Amino acid sequence: KSWRQCLIFLVFTLNECLGFEKYYDGHVVLQVIPKNSLQFEALRKLNEALGFEFDFWKHSNRVDKPADIMIPEEKLDEVQGYLKKNNLDAKTKVIDVGRLIRKEEEILESHESSSRLRSMPSFNLYDYHTYDDQMAYIKSIAQQYSYVHLESLGKSVEGRDIQYLKIGYPSNRPKNILFIDAGIHAREWIAPATAICIIDRLVTNPDYTSLLYDIDIYVVPNVNPDGYEYSRTSDRMWRKNRSGPRQGCYGVDLNRNFAFKWGYSGVSRDPCSETYAGSSALSEVEAQHLAKILDANNNTIKAYVTLHSYGEDLIYPWGYAIRTYPSDVAELKKLAHEAAEAIHAVNGTRYSVGNSADELYPASGASDDYSKSIGIKFVYTFELSPTSSDDNFYGYGFQFPKEFIQPTCEETFPGILTIAKAVQDTN
Ligand code: ARG
Ligand code: ZN
(Lines give C-alpha, C1' and ligand atoms only; values in the text may rest on other atoms or scores of the structure.)
(Ligands and ions follow the chains in the order given, each with its own letter.)
Protein backbone atom coordinates (compact mmCIF):
# COMPACT_ATOMS: atom_id res chain seq x y z
CA LYS A 1 0.00 0.00 0.00
CA SER A 2 1.13 3.56 -0.69
CA TRP A 3 1.65 5.90 2.29
CA ARG A 4 -1.44 7.82 1.19
CA GLN A 5 -3.65 4.73 1.24
CA CYS A 6 -2.14 3.84 4.62
CA LEU A 7 -2.98 7.24 6.05
CA ILE A 8 -6.54 7.10 4.75
CA PHE A 9 -6.88 3.64 6.29
CA LEU A 10 -5.53 4.81 9.67
CA VAL A 11 -7.77 7.86 9.84
CA PHE A 12 -10.73 5.76 8.83
CA THR A 13 -10.05 3.09 11.46
CA LEU A 14 -9.41 5.66 14.20
CA ASN A 15 -12.65 7.40 13.28
CA GLU A 16 -14.59 4.13 13.50
CA CYS A 17 -13.00 3.26 16.86
CA LEU A 18 -13.71 6.63 18.41
CA GLY A 19 -17.23 6.71 16.99
CA PHE A 20 -16.72 9.89 15.02
CA GLU A 21 -18.83 10.71 12.06
CA LYS A 22 -17.95 9.02 8.81
CA TYR A 23 -17.20 11.46 6.03
CA TYR A 24 -18.07 11.03 2.40
CA ASP A 25 -16.24 14.06 1.08
CA GLY A 26 -15.09 13.53 -2.46
CA HIS A 27 -17.22 10.40 -2.91
CA VAL A 28 -19.03 10.52 -6.23
CA VAL A 29 -22.00 8.56 -7.49
CA LEU A 30 -21.66 7.35 -11.06
CA GLN A 31 -24.56 6.16 -13.11
CA VAL A 32 -23.51 3.41 -15.49
CA ILE A 33 -25.79 1.96 -18.14
CA PRO A 34 -24.61 -1.27 -19.79
CA LYS A 35 -25.48 -1.26 -23.49
CA ASN A 36 -24.80 -4.91 -24.29
CA SER A 37 -24.20 -8.18 -22.52
CA LEU A 38 -20.40 -7.80 -22.53
CA GLN A 39 -20.71 -4.44 -20.80
CA PHE A 40 -23.27 -5.86 -18.42
CA GLU A 41 -20.86 -8.64 -17.41
CA ALA A 42 -18.03 -6.15 -16.92
CA LEU A 43 -20.23 -3.99 -14.70
CA ARG A 44 -21.35 -6.99 -12.69
CA LYS A 45 -17.72 -7.94 -12.06
CA LEU A 46 -16.55 -4.46 -11.03
CA ASN A 47 -16.06 -5.22 -7.32
CA GLU A 48 -14.42 -8.55 -8.00
CA ALA A 49 -12.10 -7.12 -10.65
CA LEU A 50 -10.92 -4.20 -8.53
CA GLY A 51 -10.93 -6.10 -5.23
CA PHE A 52 -13.05 -3.49 -3.46
CA GLU A 53 -16.64 -3.45 -2.26
CA PHE A 54 -18.07 -0.39 -4.00
CA ASP A 55 -21.46 0.52 -2.63
CA PHE A 56 -23.98 -0.10 -5.39
CA TRP A 57 -26.77 2.24 -4.32
CA LYS A 58 -28.70 0.62 -7.12
CA HIS A 59 -27.86 -2.51 -9.07
CA SER A 60 -28.45 -3.10 -12.75
CA ASN A 61 -30.10 -6.41 -13.56
CA ARG A 62 -29.95 -6.20 -17.35
CA VAL A 63 -28.78 -4.31 -20.43
CA ASP A 64 -30.07 -0.69 -20.56
CA LYS A 65 -30.85 -0.56 -16.85
CA PRO A 66 -28.70 1.97 -14.94
CA ALA A 67 -26.63 1.17 -11.86
CA ASP A 68 -25.77 3.89 -9.30
CA ILE A 69 -22.37 3.29 -7.74
CA MET A 70 -20.75 5.31 -4.95
CA ILE A 71 -16.99 5.66 -5.38
CA PRO A 72 -14.45 7.13 -2.95
CA GLU A 73 -12.26 9.85 -4.43
CA GLU A 74 -9.06 7.82 -4.25
CA LYS A 75 -10.63 4.99 -6.29
CA LEU A 76 -12.12 7.14 -9.02
CA ASP A 77 -9.23 6.90 -11.49
CA GLU A 78 -9.07 3.15 -11.16
CA VAL A 79 -12.82 2.78 -11.67
CA GLN A 80 -12.87 5.11 -14.63
CA GLY A 81 -9.99 3.19 -16.16
CA TYR A 82 -11.91 -0.06 -15.76
CA LEU A 83 -15.11 1.39 -17.20
CA LYS A 84 -13.25 2.83 -20.16
CA LYS A 85 -11.44 -0.44 -20.86
CA ASN A 86 -14.84 -2.13 -20.98
CA ASN A 87 -16.51 0.57 -23.09
CA LEU A 88 -18.89 1.51 -20.28
CA ASP A 89 -20.13 5.09 -20.28
CA ALA A 90 -20.62 6.77 -16.92
CA LYS A 91 -22.50 9.87 -15.91
CA THR A 92 -21.77 11.65 -12.63
CA LYS A 93 -25.00 11.77 -10.62
CA VAL A 94 -23.54 13.13 -7.40
CA ILE A 95 -20.29 15.12 -7.46
CA ASP A 96 -19.73 15.08 -3.71
CA VAL A 97 -21.76 12.86 -1.40
CA GLY A 98 -20.24 14.59 1.65
CA ARG A 99 -21.64 17.92 0.53
CA LEU A 100 -25.04 16.38 0.01
CA ILE A 101 -24.98 14.97 3.55
CA ARG A 102 -24.00 18.30 5.08
CA LYS A 103 -26.78 20.04 3.19
CA GLU A 104 -29.25 17.50 4.54
CA GLU A 105 -27.88 17.94 8.07
CA GLU A 106 -28.24 21.73 7.90
CA ILE A 107 -31.88 21.41 6.94
CA LEU A 108 -32.54 18.90 9.74
CA GLU A 109 -30.75 20.97 12.38
CA SER A 110 -32.66 24.14 11.57
CA HIS A 111 -35.82 22.11 12.09
CA GLU A 112 -34.76 20.59 15.37
CA SER A 113 -33.87 23.92 16.92
CA SER A 114 -37.10 25.53 15.79
CA SER A 115 -39.21 22.70 17.20
CA ARG A 116 -37.30 22.82 20.49
CA LEU A 117 -38.35 26.43 20.88
CA ARG A 118 -42.02 25.57 20.78
CA SER A 119 -43.40 24.51 24.15
CA MET A 120 -45.63 21.75 22.72
CA PRO A 121 -43.68 20.12 19.92
CA SER A 122 -46.05 18.99 17.19
CA PHE A 123 -45.13 16.14 14.90
CA ASN A 124 -44.56 17.09 11.28
CA LEU A 125 -45.40 14.07 9.12
CA TYR A 126 -43.37 15.50 6.27
CA ASP A 127 -40.04 15.60 8.01
CA TYR A 128 -37.39 13.08 9.02
CA HIS A 129 -37.38 12.41 12.76
CA THR A 130 -35.33 10.77 15.48
CA TYR A 131 -36.36 7.25 16.47
CA ASP A 132 -37.60 8.51 19.84
CA ASP A 133 -39.82 11.07 18.13
CA GLN A 134 -41.20 8.40 15.80
CA MET A 135 -42.10 6.26 18.81
CA ALA A 136 -43.56 9.24 20.69
CA TYR A 137 -45.75 9.90 17.68
CA ILE A 138 -47.15 6.38 17.39
CA LYS A 139 -47.72 6.33 21.13
CA SER A 140 -49.76 9.52 20.86
CA ILE A 141 -51.84 7.95 18.07
CA ALA A 142 -52.56 4.93 20.28
CA GLN A 143 -53.64 7.25 23.10
CA GLN A 144 -55.90 9.24 20.81
CA TYR A 145 -57.76 6.43 19.04
CA SER A 146 -59.53 3.65 20.92
CA TYR A 147 -59.07 1.12 18.10
CA VAL A 148 -55.29 1.60 17.90
CA HIS A 149 -52.95 -0.26 20.26
CA LEU A 150 -49.27 0.24 20.92
CA GLU A 151 -47.25 -2.97 21.26
CA SER A 152 -43.60 -3.97 21.30
CA LEU A 153 -41.75 -6.58 19.25
CA GLY A 154 -38.89 -6.55 21.76
CA LYS A 155 -35.59 -4.75 22.11
CA SER A 156 -32.87 -4.06 19.55
CA VAL A 157 -29.22 -5.02 20.23
CA GLU A 158 -28.58 -1.62 21.76
CA GLY A 159 -31.75 -1.86 23.83
CA ARG A 160 -34.19 0.31 21.90
CA ASP A 161 -37.79 -0.82 22.10
CA ILE A 162 -39.17 -1.81 18.67
CA GLN A 163 -42.73 -0.62 18.98
CA TYR A 164 -45.57 -0.97 16.53
CA LEU A 165 -49.27 -0.29 16.18
CA LYS A 166 -52.20 -2.66 15.82
CA ILE A 167 -54.94 -0.80 14.01
CA GLY A 168 -58.46 -2.24 13.86
CA TYR A 169 -61.75 -2.53 15.69
CA PRO A 170 -62.39 -5.44 18.03
CA SER A 171 -64.38 -8.32 16.58
CA ASN A 172 -65.72 -11.61 17.92
CA ARG A 173 -64.31 -13.61 15.04
CA PRO A 174 -60.59 -13.89 14.24
CA LYS A 175 -59.53 -11.10 11.95
CA ASN A 176 -57.15 -11.30 9.05
CA ILE A 177 -54.13 -9.05 9.12
CA LEU A 178 -52.15 -6.83 6.78
CA PHE A 179 -48.64 -6.57 8.20
CA ILE A 180 -46.47 -3.61 7.18
CA ASP A 181 -42.91 -2.91 8.24
CA ALA A 182 -40.23 -0.38 7.31
CA GLY A 183 -36.68 0.53 8.12
CA ILE A 184 -35.02 -2.90 7.86
CA HIS A 185 -32.27 -0.97 6.07
CA ALA A 186 -31.12 1.99 8.14
CA ARG A 187 -30.25 4.53 5.45
CA GLU A 188 -33.56 4.21 3.57
CA TRP A 189 -35.18 7.02 5.57
CA ILE A 190 -38.14 7.50 3.27
CA ALA A 191 -39.46 4.07 4.34
CA PRO A 192 -40.18 4.77 8.06
CA ALA A 193 -41.40 8.26 7.13
CA THR A 194 -43.89 6.71 4.69
CA ALA A 195 -44.99 4.05 7.21
CA ILE A 196 -45.76 6.75 9.75
CA CYS A 197 -47.66 8.81 7.20
CA ILE A 198 -49.67 5.70 6.23
CA ILE A 199 -50.66 5.32 9.90
CA ASP A 200 -51.88 8.92 9.88
CA ARG A 201 -53.93 8.39 6.71
CA LEU A 202 -55.52 5.22 8.08
CA VAL A 203 -56.61 6.60 11.42
CA THR A 204 -57.68 10.11 10.46
CA ASN A 205 -59.98 9.18 7.58
CA PRO A 206 -63.43 7.79 8.52
CA ASP A 207 -63.66 6.14 5.07
CA TYR A 208 -61.58 3.25 6.39
CA THR A 209 -63.81 2.43 9.35
CA SER A 210 -65.49 -0.52 7.67
CA LEU A 211 -62.14 -1.84 6.41
CA LEU A 212 -60.84 -1.70 9.96
CA TYR A 213 -63.89 -3.55 11.21
CA ASP A 214 -63.02 -6.37 8.82
CA ILE A 215 -59.23 -6.54 9.10
CA ASP A 216 -56.37 -5.51 11.38
CA ILE A 217 -53.40 -3.59 10.08
CA TYR A 218 -50.13 -3.91 11.97
CA VAL A 219 -47.48 -1.30 11.25
CA VAL A 220 -43.88 -1.51 12.49
CA PRO A 221 -42.48 1.87 11.42
CA ASN A 222 -38.84 1.11 12.16
CA VAL A 223 -37.50 -2.41 12.54
CA ASN A 224 -33.86 -1.32 12.85
CA PRO A 225 -33.71 1.62 15.27
CA ASP A 226 -30.00 1.22 16.13
CA GLY A 227 -29.01 1.34 12.48
CA TYR A 228 -31.36 4.25 11.88
CA GLU A 229 -29.90 6.32 14.72
CA TYR A 230 -26.38 5.43 13.57
CA SER A 231 -27.26 6.65 10.07
CA ARG A 232 -28.48 9.91 11.60
CA THR A 233 -25.49 10.60 13.83
CA SER A 234 -22.44 8.79 12.50
CA ASP A 235 -22.70 7.30 9.03
CA ARG A 236 -25.43 8.45 6.69
CA MET A 237 -24.91 5.44 4.42
CA TRP A 238 -25.29 2.81 7.17
CA ARG A 239 -27.49 -0.11 6.05
CA LYS A 240 -27.15 -2.92 8.61
CA ASN A 241 -28.05 -3.27 12.28
CA ARG A 242 -25.43 -2.54 14.95
CA SER A 243 -24.48 -5.88 16.46
CA GLY A 244 -20.85 -6.83 16.88
CA PRO A 245 -18.05 -6.06 16.47
CA ARG A 246 -16.82 -9.06 14.55
CA GLN A 247 -13.35 -8.75 13.04
CA GLY A 248 -13.53 -5.07 13.91
CA CYS A 249 -16.77 -4.49 11.99
CA TYR A 250 -20.32 -3.89 13.10
CA GLY A 251 -23.65 -4.95 11.74
CA VAL A 252 -25.57 -7.66 9.94
CA ASP A 253 -27.76 -7.03 6.91
CA LEU A 254 -31.12 -7.90 8.49
CA ASN A 255 -32.57 -8.58 5.06
CA ARG A 256 -30.12 -11.46 4.65
CA ASN A 257 -30.60 -12.92 8.12
CA PHE A 258 -33.99 -14.65 7.86
CA ALA A 259 -34.38 -18.39 8.06
CA PHE A 260 -35.27 -19.33 4.52
CA LYS A 261 -32.50 -20.24 2.06
CA TRP A 262 -30.17 -18.47 4.46
CA GLY A 263 -26.76 -17.79 2.90
CA TYR A 264 -27.82 -19.08 -0.51
CA SER A 265 -27.37 -16.03 -2.77
CA GLY A 266 -26.54 -12.32 -2.79
CA VAL A 267 -24.88 -12.48 0.63
CA SER A 268 -21.44 -12.09 2.09
CA ARG A 269 -19.73 -14.07 4.84
CA ASP A 270 -17.48 -11.13 5.59
CA PRO A 271 -18.67 -9.22 8.70
CA CYS A 272 -17.31 -6.03 7.15
CA SER A 273 -19.50 -6.34 4.07
CA GLU A 274 -22.75 -4.41 3.59
CA THR A 275 -24.57 -7.66 2.85
CA TYR A 276 -23.17 -9.75 5.70
CA ALA A 277 -25.79 -12.42 6.39
CA GLY A 278 -24.83 -12.96 10.05
CA SER A 279 -23.24 -15.92 11.79
CA SER A 280 -26.35 -18.07 11.30
CA ALA A 281 -30.00 -17.75 10.28
CA LEU A 282 -31.81 -15.45 12.73
CA SER A 283 -28.60 -14.64 14.59
CA GLU A 284 -29.91 -11.08 15.00
CA VAL A 285 -32.46 -10.08 17.64
CA GLU A 286 -34.30 -7.66 15.33
CA ALA A 287 -34.84 -10.43 12.77
CA GLN A 288 -35.82 -12.85 15.57
CA HIS A 289 -38.49 -10.45 16.84
CA LEU A 290 -39.95 -9.93 13.40
CA ALA A 291 -39.90 -13.65 12.57
CA LYS A 292 -41.58 -14.43 15.88
CA ILE A 293 -44.64 -12.25 15.29
CA LEU A 294 -44.92 -13.40 11.67
CA ASP A 295 -44.73 -17.05 12.80
CA ALA A 296 -47.26 -16.53 15.57
CA ASN A 297 -49.80 -15.09 13.13
CA ASN A 298 -48.94 -16.87 9.91
CA ASN A 299 -52.50 -18.12 9.47
CA THR A 300 -54.14 -14.72 9.86
CA ILE A 301 -51.54 -12.47 8.22
CA LYS A 302 -52.75 -12.58 4.62
CA ALA A 303 -50.41 -9.88 3.33
CA TYR A 304 -46.90 -8.75 4.27
CA VAL A 305 -45.53 -5.48 2.90
CA THR A 306 -41.99 -4.33 3.63
CA LEU A 307 -40.97 -0.78 2.74
CA HIS A 308 -37.50 -0.09 1.38
CA SER A 309 -35.89 2.43 -0.96
CA TYR A 310 -35.05 3.22 -3.66
CA GLY A 311 -36.10 2.39 -7.24
CA GLU A 312 -39.90 2.55 -7.56
CA ASP A 313 -40.28 -1.20 -7.74
CA LEU A 314 -43.02 -3.45 -6.48
CA ILE A 315 -41.53 -6.90 -6.21
CA TYR A 316 -42.67 -10.32 -5.10
CA PRO A 317 -41.01 -13.71 -4.21
CA TRP A 318 -39.00 -15.69 -4.65
CA GLY A 319 -36.06 -13.38 -4.27
CA TYR A 320 -33.41 -16.02 -3.68
CA ALA A 321 -33.06 -17.14 -7.30
CA ILE A 322 -33.98 -15.86 -10.74
CA ARG A 323 -36.95 -17.33 -12.58
CA THR A 324 -38.10 -19.16 -9.46
CA TYR A 325 -41.67 -18.50 -8.41
CA PRO A 326 -44.19 -19.65 -5.84
CA SER A 327 -47.08 -21.71 -7.22
CA ASP A 328 -49.56 -18.82 -6.80
CA VAL A 329 -47.31 -16.31 -8.58
CA ALA A 330 -50.10 -15.35 -10.99
CA GLU A 331 -52.18 -14.02 -8.09
CA LEU A 332 -49.21 -12.19 -6.58
CA LYS A 333 -48.49 -10.60 -9.92
CA LYS A 334 -52.10 -9.60 -10.56
CA LEU A 335 -52.48 -7.84 -7.23
CA ALA A 336 -49.08 -6.17 -7.66
CA HIS A 337 -50.23 -4.70 -10.97
CA GLU A 338 -53.43 -3.44 -9.37
CA ALA A 339 -51.43 -1.78 -6.59
CA ALA A 340 -49.02 -0.26 -9.12
CA GLU A 341 -51.99 1.05 -11.07
CA ALA A 342 -53.40 2.69 -7.93
CA ILE A 343 -50.01 4.29 -7.28
CA HIS A 344 -49.79 5.50 -10.86
CA ALA A 345 -53.20 7.14 -10.70
CA VAL A 346 -52.02 9.62 -8.03
CA ASN A 347 -49.01 11.45 -9.46
CA GLY A 348 -48.21 9.39 -12.55
CA THR A 349 -45.34 7.50 -10.91
CA ARG A 350 -44.74 4.19 -12.68
CA TYR A 351 -43.60 1.39 -10.41
CA SER A 352 -41.98 -1.60 -12.11
CA VAL A 353 -43.71 -4.80 -11.12
CA GLY A 354 -41.82 -8.07 -11.11
CA ASN A 355 -40.17 -10.90 -9.31
CA SER A 356 -37.52 -9.73 -6.79
CA ALA A 357 -34.65 -11.70 -8.23
CA ASP A 358 -35.54 -11.03 -11.87
CA GLU A 359 -36.24 -7.34 -11.33
CA LEU A 360 -33.34 -6.53 -8.94
CA TYR A 361 -30.92 -9.35 -8.16
CA PRO A 362 -31.04 -12.69 -6.33
CA ALA A 363 -30.61 -12.30 -2.59
CA SER A 364 -31.66 -14.83 0.02
CA GLY A 365 -32.59 -14.60 3.69
CA ALA A 366 -34.83 -11.56 3.15
CA SER A 367 -37.99 -10.96 5.17
CA ASP A 368 -40.24 -11.18 2.10
CA ASP A 369 -39.13 -14.69 1.12
CA TYR A 370 -39.36 -15.74 4.77
CA SER A 371 -42.95 -14.51 5.03
CA LYS A 372 -43.90 -16.36 1.88
CA SER A 373 -42.18 -19.52 3.12
CA ILE A 374 -44.35 -19.64 6.26
CA GLY A 375 -47.53 -19.43 4.23
CA ILE A 376 -48.38 -15.73 4.03
CA LYS A 377 -50.29 -15.20 0.82
CA PHE A 378 -49.55 -11.73 -0.59
CA VAL A 379 -45.94 -10.71 -0.01
CA TYR A 380 -44.40 -7.55 -1.43
CA THR A 381 -41.28 -5.44 -1.11
CA PHE A 382 -41.86 -1.83 -2.08
CA GLU A 383 -38.78 0.01 -3.25
CA LEU A 384 -40.05 3.54 -2.78
CA SER A 385 -38.93 6.67 -4.63
CA PRO A 386 -36.83 8.05 -6.09
CA THR A 387 -35.76 6.07 -9.11
CA SER A 388 -32.40 6.53 -10.76
CA SER A 389 -33.73 6.48 -14.29
CA ASP A 390 -35.79 9.66 -14.34
CA ASP A 391 -35.38 13.31 -13.45
CA ASN A 392 -36.89 12.77 -10.03
CA PHE A 393 -33.52 11.46 -8.91
CA TYR A 394 -31.97 14.97 -8.73
CA GLY A 395 -28.78 13.36 -7.56
CA TYR A 396 -30.53 11.98 -4.50
CA GLY A 397 -30.90 8.34 -3.65
CA PHE A 398 -31.30 7.51 0.02
CA GLN A 399 -31.19 11.24 0.80
CA PHE A 400 -34.58 11.91 -0.65
CA PRO A 401 -35.46 15.48 0.43
CA LYS A 402 -38.28 15.81 2.92
CA GLU A 403 -40.34 17.71 0.33
CA PHE A 404 -40.95 14.32 -1.27
CA ILE A 405 -42.31 12.58 1.82
CA GLN A 406 -45.83 13.84 1.18
CA PRO A 407 -46.09 12.90 -2.52
CA THR A 408 -44.46 9.55 -1.79
CA CYS A 409 -46.95 8.86 0.99
CA GLU A 410 -49.89 10.03 -1.06
CA GLU A 411 -49.12 7.69 -3.92
CA THR A 412 -48.02 4.74 -1.78
CA PHE A 413 -51.16 4.84 0.33
CA PRO A 414 -53.61 3.72 -2.41
CA GLY A 415 -51.15 0.95 -3.28
CA ILE A 416 -51.33 -0.24 0.33
CA LEU A 417 -55.13 0.11 0.34
CA THR A 418 -55.36 -2.13 -2.73
CA ILE A 419 -53.52 -4.83 -0.80
CA ALA A 420 -55.65 -4.19 2.32
CA LYS A 421 -58.77 -4.79 0.25
CA ALA A 422 -57.36 -8.09 -0.99
CA VAL A 423 -56.90 -9.08 2.65
CA GLN A 424 -60.50 -8.04 3.32
CA ASP A 425 -61.61 -10.27 0.42
CA THR A 426 -59.93 -13.32 1.98
CA ASN A 427 -62.38 -13.10 4.92
N1 ARG B 1 -33.22 -4.10 -1.86
C2 ARG B 1 -33.64 -5.27 -1.12
C3 ARG B 1 -32.43 -5.98 -0.59
O4 ARG B 1 -31.40 -5.96 -1.22
C5 ARG B 1 -34.44 -6.13 -1.99
C6 ARG B 1 -34.87 -7.42 -1.42
C7 ARG B 1 -35.78 -8.14 -2.34
N8 ARG B 1 -36.12 -9.44 -1.85
C9 ARG B 1 -35.38 -10.53 -2.00
N10 ARG B 1 -35.79 -11.61 -1.41
N11 ARG B 1 -34.30 -10.53 -2.71
O12 ARG B 1 -32.44 -6.50 0.49
ZN1 ZN C 1 -33.53 -1.96 1.51
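Helix α7 spans residues 190-204 and has 15 residues. From first C-alpha to last, α7 reaches 21 Å, close to the 21 Å expected at 1.5 Å a residue. The expected span is 1.5 Å times one less than the number of residues. The model is predicted: local features need pLDDT of at least 70, side-chain atom pairs count only at pLDDT 80 or more, and totals for chains, interfaces and linings use all residues. Residues are numbered from 1 along each chain as its sequence is written, while chains are lettered from A and ligands numbered from 1 in the order in which they are written.

Helix α7 is mostly covered, with eleven of its 15 residues buried (20 or more other C-beta atoms within 10 Å of a residue's own, C-beta atoms being placed from the backbone). Among them are I190, P192, C197 and L202.

D133 lies in helix α6, residues 131-144. D133 has 16 other C-beta atoms within 10 Å and is therefore partly exposed, a class between buried and exposed (12 or fewer). D133 and L290 are 157 residues apart in sequence. In space, their C-alpha atoms are 22 Å apart.

Helix α11 (residues 329-347) packs against helix α14 (residues 405-425). Their axes are 8 Å apart, at an angle of about 150 degrees. The two helices are therefore roughly antiparallel (angles over 145 degrees).

The residues around ligand 1 include N255, H308, D368 and D369. A residue counts as near when its C-beta atom, placed from the backbone, lies within 6 Å.

Conventions: Helices (H or I, at least four residues) and strands (E, at least two) are DSSP runs, numbered from the N terminus. Axes are lines fitted to C-alpha atoms, for helices over the stretch in contact, and angles run from 0 to 180 degrees between N-to-C directions. Angles under 35 degrees count as roughly parallel, over 145 as roughly antiparallel, 65 to 115 as roughly perpendicular and the rest as oblique.
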